[in-house]
Amino acid sequence: MSSGTPRRPGRLRNRVLAGLTTLILPLTALVGLGASPAQAAEGATASYTRTQDWGSGFEGKWTVKNTGTTSLSGWTLEWDFPSGTKVTSAWDADVTNSGDHWTAKNKSWAGSLAPGASVSFGFNGTGSGSPAGCKLNGGSCDGTTTPGDTPPTAPGTPTASAITDTSAKLSWSAASDDKGVKNYDVLRDGAKVATVTTTSYTDSSLKAGTDYSYTVQARDTADQTGPVSGAVKVRTTGGGGTDPGNPGTGGGKVKLGYFTEWGVYDRNYHVKNLETSGSAGKITHINYSFGNVTGGKCVMGDSYAATDKAYTADQSVDGVADTWDQPLRGNFNQLRKLKAKHPGLKVLWSFGGWTWSGGFTDAAKNPTAFAQSCKALVEDPRWADVFDGIDIDWEYPNACGLTCDTSGPAALKNLASALRTTFGKDYLVTAAITADGSAGGKIDAADYAGASQSFDWYNVMTYDFFGAWDAQGPTAPHSPLTSYSGIPKAGFTSADAIAKLKAQGVPAAKLLLGIGFYGRGWTGVTQDAPGGTASGPAPGKYEQGIEDYKVLKTSCPATGTVAGTAYAHCGTQWWSYDTPATIKSKMAWAKSQNLGGAFFWEFSGDTSNGELVTAINDGLK
């Protein structure tokens, strides 16, 4: 999206701040998942000190020391407290208990101990008792024995059979472990639904005509969990056989919004906002933006925001806080939780965008290798259940955006074909494309009709036609639906773009109309109607000449409409943007053109109660 250039603060700074906010946690938040495996090193010891006592409670400290000659790559400490003595909070280790038996595991960042090194963790407690029966990595805490124990391997990727409207049977090959596998956790869409001792399970609590994703994780006799298996996607029978929101299946119109990876920083916009605004229940699809394209491959964008940022209970979609050692945190985990609340919601991972589209030139040189890299990333076992497809945002094939591409008119078609072949029919494969309908413009530069045979739909970026990059004007609406007298450039309208794509042979049902949840504006403007001169871009919070709808609706209310969109003149500023009223008229137009639906850039520009999303949803009913 040309309107969505990301700005990412330093990753290290965010990690440090996140760590400080969770230094001391209540015990219920200290359960660690996926901690570093404990491996023995001769001479490892653990010692306990009661550092403070204030009558009603105390502070204790354990110190683990590697007195051996080889590195210790992880540790698990166990002890028993007498009845009435317990840990109430802890720091620098993950502490859990089963009755009076207590277990502490190293944090992911504090497991490696070189010979002679030591690490301490502390806790607050109540009661007067002292620890007994201390074990370190299964051996004595005095270092006389330290038997090794490694976590189990990943089970085989499950296979599904006997699928009905409400059930599915899963089977998988066994994991292995040096001391034996105790049981398996079955995960549906990332959440545990069962623990079994066999290598099969039948899930009988499903909904008809619904997509699910299953993985399996083994646990050994020392209660260590191994890596998650690969994922299998299951769609139950019944439900009319339609995919809600998918053109051509009878399930209605697509209502898709972009969620920006970097929005969790300055914008303070998180996946939970989709739920609290009511927007999650009014859309069919989310495009998560952006993954990077470099070296001819799909790669992560900001991995901290995507998979590592820790969410507190009040920030989390389901009100459950992240723990430091769970396998997946960040936006991906929050999207998983959102999908659990809205089973029909689909999430696609979008790659490229204005900033990273330059990487598609290399991708086009070997489309098959590019597609294989994308599928491997989308199907990473840690988040395979989160994504239902892939979107590519190439700005622009065989044309110029931030950089220029000269791959040729067939490049997009070849890339699309490779993606479809690699991802298969069970994934959505889509693309965001130019809306330049001018003669000899960007639509004419590539074979969009040929490529559409492999894509489920196109997100036609029918916005950003005009803006304050032309600092002196003339002022013009950035998202005109139709042409008007005095438009600065012919062909720069939604209607022209859609008409040209249809004429080339792109099916109407594969075209989505784009809506911007922001305005573009100038300053130094005296004329109320479009076509006035200006002195430069109007001020914006994040970038000159651009501002969110939620700000503009009160700071510079609309004073008129032109070409199916709104404009506003307040003081010396002139802005154009869509309102609920203009969106309603645009949705009516989209239906009259038999389009597949609409999409928007992006969620955080809307009001806290999602009034623009509501307008799209209501307009497409």
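Strand S9 (residues 132–136) pairs with S10 in the antiparallel sense over two bridges; strands here are DSSP E runs of at least two residues, and helices H or I runs of at least four, numbered from the N terminus, and two strands pair if DSSP finds at least two bridges between them. Within this pair, lysine 135 stands opposite serine 140 of S10. Both strands belong to an open sheet of five strands with antiparallel pairing, in the order S6-S7-S4-S9-S10. Its edge strands, S6 (93–98) and S10 (139–140), each pair on one side only.

The model is predicted, with local features requiring pLDDT of at least 70 and side-chain atom pairs counted only at pLDDT 80 or more, while totals for chains, interfaces and linings use all residues. Residues are numbered from 1 along each chain as its sequence is written, and side-chain values use heavy atoms, with hydrogens and water left out.

The structure holds four disulfides (pairs of cysteine sulfur atoms within 2.5 Å). One of them joins cysteine 134 to cysteine 141, with an S to S distance of 1.7 Å, and is left-handed at -75 degrees about the S-S bond. Cysteine 134 is partly exposed at 23% relative accessible area, whereas cysteine 141 is buried at 7% (buried, under 20%; exposed, over 50%; partly exposed, in between; 1.4 Å probe, protein chains only).

The sulfur atoms of cysteine 298 and cysteine 374 lie 2.0 Å apart in a disulfide. Cysteine 298 is in strand S20 (residues 297–299) and cysteine 374 in helix H7 (residues 367–378), so the link ties together parts 76 residues apart in sequence. Both cysteine 298 and cysteine 374 are buried.
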